[in-house]
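User: Please take a close look at one helix packing in this model. I would like the geometry and the residues that make the contact, and then whatever else can be said about local packing elsewhere.

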Amino acid sequence: MSITCKEELKVHQDKVNQTIQAYGCRILVCCGTGCIASGAQKIYDEMVKLCSGMDNVKVEMQKDLPHLGELGVVKTGCQGLCELGPLMRVEPYDYQYVKVQLSDCKEIVDSTVKEGKPVERLFYKTKEGELCSHPDDIPFIGKQTRIVLENCGKIDAESIDEYIGVGGYSALAKALLDMTPEEVIDEVDKSGLRGRGGAGFPAGKKWKQVARQPEKLRYVVCNGDEGDPGAFMDGSVMEGDPYKMIEGMTIAAYAVGAQEGYIYVRAEYPLSVKRLKMAMAQAEEYGLLGDNILNTGFNFHLHINRGAGAFVCGEGSALTASIEGNRGMPRVKPPRTVEKGLWEKPTVLNNVETYANVPKIILSGAEWFRTIGTEGSPGTKTFSLTGAIENTGLVEVPMGTKLREIIYDIGGGLKSGAAFKGVQIGGPSGGCLVEEHLDAVLDFDSVKKFDAIMGSGGLVVMDENTCMVEVARFFMSFTQRESCGKCVPCREGTKRMLEILEKIVAGKGEMEDLDRLEELATMVKSMALCGLGKSAPLPVISTLKRFRDEYEEHIVQKKCRAKVCTALRQFHINAEFCKGCGKCAKNCPAGAIFGKAKHPYVINNDLCIKCGACKDNCNFDAIYVEA
Amino acid sequence: MLDQSYYNKADEIIEGYGRKAASLIPIMQDIQAEYRYLPGELLTYVAKQIGVKEAKAFSVATFYENFSFEPKGKFIIKVCDGTACHVRKSMPVKEALMKELGLTHKQHTTDDMMFTVETVSCLGACGLAPTLTVNDEVHPKMTPEKAIDLLSELRGEKV
């Protein structure tokens with residue numbers, strides 16, 4: 001079955017919506033990576049079991065809607081509040097349930113499905129004790145502006161019919177049937193859409209450059225190699241609404257005259273690969289991908305490549321090298337990817353979120369897009385909010401939203417009321433923002449001024465229990481391990497910086513080390529070959545600037561105020577609690593604990609190797625750690 | 001010498017992707033998925049079949065972290081040490097597993113070939129940090145104690 005014109009698409013859309021309305025009740029089980037980890041698959045299976053045979057949840061299967069199930073129990077993408085999973089929504093009541101357990105399923109069926117009554121104990125409860133029955137009542141969700149994620153969690157992530165039902169593919173139809181490729185590029189250019197992968201290069205400009213090339217064989221490539229540890233936005237988009245991104249890529253291909261495209265997905269996202277493959281097969285079946293799309297004669301074939309565990313492949317030229325079957329190492333530029341990209345042909349390379357923005361821009365226009373966000377960075381940005389925060393999960397807000405709103409209004413503040421210390425933005429290539437940045441407007445340009453980058457959108461919140469020197473060491477060990485080794489500044493520079501940081505957290509640092517660190521950081525930043533190398537020192541630069549006192553404490557006083565750095569911890573025995581059992585002394589591998597049975601024991605800190613075996617083995621909680 | 005069945009499997013995988021240099025990585029991925037490691041002899045064979053120099057094939061295989069020339073255990077446990085998991089204390093989880101299994105920084109697989117413990121940079125389930133995966137199944141909100149319990153659960157499966 002193929003859809004060959006706008007009218008047919010509209011007919012299909014109406015039919016889907018009529019059918020969806022015919023379900024007396026629809027159960028949407030969140031099956032994003034997070035909720036599946038919390039057991040969502042079992043919840044889904046249980047709901048299918050309980051609901052099968054119930055007329056209320058059933059519709060008659062229609063031959064021309066092959067991807068709309070008979071039973072209204074569906075798997076959606078990320079509904080947002082990963083920490084409270086498994087999540088479930090029940091329509092038409094728009095109830096949002098959190099922390100659904102297998103044992104709750106029967107009650108949901110008996111009360112909600114059969115009688116339309118809510119199961120109140122499964123509603124989200126705010127700190128003030130207010131119950132939130134609908135998703136938008138929950139501050140975490142209600143305060144977001146969802147454009148890229150608009151369908152995520154609301155539609156069956158494995159059904160193209162549902163995507164068409166919410167207006168999917170009408171942007172492609174508009175582009176292909178009403179617009180010339182130049183007009184499509186112009187619209188994207190006017191919208192001011194900037195690449196969401198990190199650097200923020202204007203997408204329209206990139207497309208224009210590719211369209212201008214004399215070489216006619218061109219490629220469209222999607223960077224789904226979301227390697228920043230602590231970022232999962234792109235994964236959520238690919239899992240939750242794969243169609244949108246594929247539609248965006250198809251529009252891009254039409255605009256620049258490409259007939260072939262590649263999606264490069266990191267190896268750690270098997271679910272994304274699975275859902276993308278399903279989506280591609282369904283789109284091909286409907287004539288919305290492959291040969292003669294919408295009967296216009298336009299062909300576009302899409303392929304998926306899985307990454308193999310190399311962070312550097314998130315860099316454009318490394319990514320294309322990897323697709324070609326080579327070591328994923330960046331090359332010197334120019335020529336840039338738009339001139340010589342994949343197989344040396346002009347290539348549009350954007351990331352998942354960028355492509356996912358395209359359909360809406362084509363449909364609602366550049367003007368509309370510009371009403372959201374800031375002058376220089378229109379639109380929204382997705383973030384993954386994690387770390388020491390009350391509500392972790394997926395967030396989408398207009399560009400220019402203040403950090404304070406994201407962390408406190410949406411994220412619900414810090415976990416267990418701890419004091420805010422900083423937030424790492426942009427992963428290992430980004431920097432650390434602190435208290436003074438909480439009220440700054442957050443967009444591509446402002447973040448750069450704070451020695452950080454927007455990056456793909458990881459936000460890891462850190463509290464007083466996080467040691468900033470250790471964090472810098474952590475990032476440096478990551479970039480050092482992931483350095484491809486091609487250029488000397490990155491290969492050697494990151495290694496030397498890591499050695500210095502390791503020395504400092506081990507309590508062996510000297511004040512001169514800080515100058516050396518700064519010098520190395522500046523050198524790597526200015527001399528490394530690729531963007532990843534150039535940004536590798538940013539975590540060091542920003543923590544050195546904002547937490548120099550912590551570095552100095554580690555060096556001079558041999559003290560780690562967060563009590564994280566093992567070598568700087570001091571173990572003591574509280575004489576009041578110690579029963580003199582001697583278990584600690586028996587377990588101490590260094591023979592550093594002395595005492596007499598039935599009298600309080602003492603630790604000799606000169607002999608202590610800070611392993612913590614004594615603390616782990618004490619039955620009376622008598623051993624404490626001092627920074 | 002590898003059993004002939006390995007070569008037959010490789011042939012089947014090669015056919016699926018086509019005899020071209022760009023197929024190298026996907027072919028290696030499928031072989032590794034089948035055998036949980038990449039046998040060196042088989043890679044030599046694949047290289048010849050798709051017209052890539054043996055040295056090139058090995059240089060690509062060694063570049064990417066996912067490929068292993070060493071056989072791995074029945075259960076591959078990957079402890080996430082992405083930023084979110086790291087600040088929510090993922091390393092004590094890994095240390096507890098290694099201690100329980102008698103593994104060291106040099107030995108990642110138990111002698112009985114049951115368990116392999118590795119670190120992975122980010123699994124994309126940061127909302128549930130710290131996490132680990134057992135053969136790609138994600139386990140959320142781990143603690144050292146829960147990790148040890150998980151091991152006994154997995155050991156139970158083999159009986």
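**A helix pair in chain B**

Analyst: In this predicted model, helix H3 (residues 40-50) of chain B packs with helix H4 (residues 54-63) of chain B at an angle of about 125 degrees, and their axes are 9 Å apart. H3(B) is therefore oblique to H4(B). The crossing of H3(B) and H4(B) is right-handed. On the H3(B) side the contact is made by Leu43(B), Thr44(B), Val46(B) and Ala47(B), and on the H4(B) side by Glu54(B), Ala57(B), Phe58(B) and Ala61(B). By residue class, the contact of H3(B) with H4(B) consists of 6 nonpolar residues, 1 polar and 1 charged.

In strand S2 (residues 73-76) of chain A, both faces are covered. Val73(A) and Lys75(A) are buried on one side, and Val74(A) and Thr76(A) are buried on the other. S2(A) pairs with strand S1 (residues 26-30) of chain A in the parallel sense, over 4 bridges. Within this pairing, Lys75(A) of S2(A) is the bridge partner of Val29(A).

The other site is Asn357(A), which lies in helix H14 (residues 352-370) of chain A. Asn357(A) counts as buried because it has 26 C-beta neighbours inside 10 Å, where 20 or more are required. Leaving aside residues up to four places away in sequence, Asn357(A) touches Val148(A), Leu193(A), Gly248(A) and Gly379(A). The C-alpha atom of Asn357(A) is separated by 9.0 Å from that of Thr380(A), 23 residues apart along the chain.

How values were computed. Residues numbered from 1 in each chain as written. Chains lettered and ligands numbered in written order. Predicted model: local features only at pLDDT ≥ 70, side-chain atom pairs only at ≥ 80, totals over all residues. Axes fitted to C-alpha atoms, helices over the stretch in contact; angles between N-to-C directions. Helix = DSSP H or I, 4+ residues; strand = E, 2+ residues; numbered from the N terminus. Parallel < 35°, antiparallel > 145°, perpendicular 65-115°, else oblique. Left-handed = near helix turned anticlockwise from the far one by under 90°. Contact = placed C-beta atoms within 7 Å. Nonpolar A, V, L, I, M, F, W, Y, C, P; charged D, E, K, R; others polar. Buried ≥ 20, exposed ≤ 12 C-beta atoms within 10 Å, placed from the backbone. Pairing = 2+ DSSP bridges.
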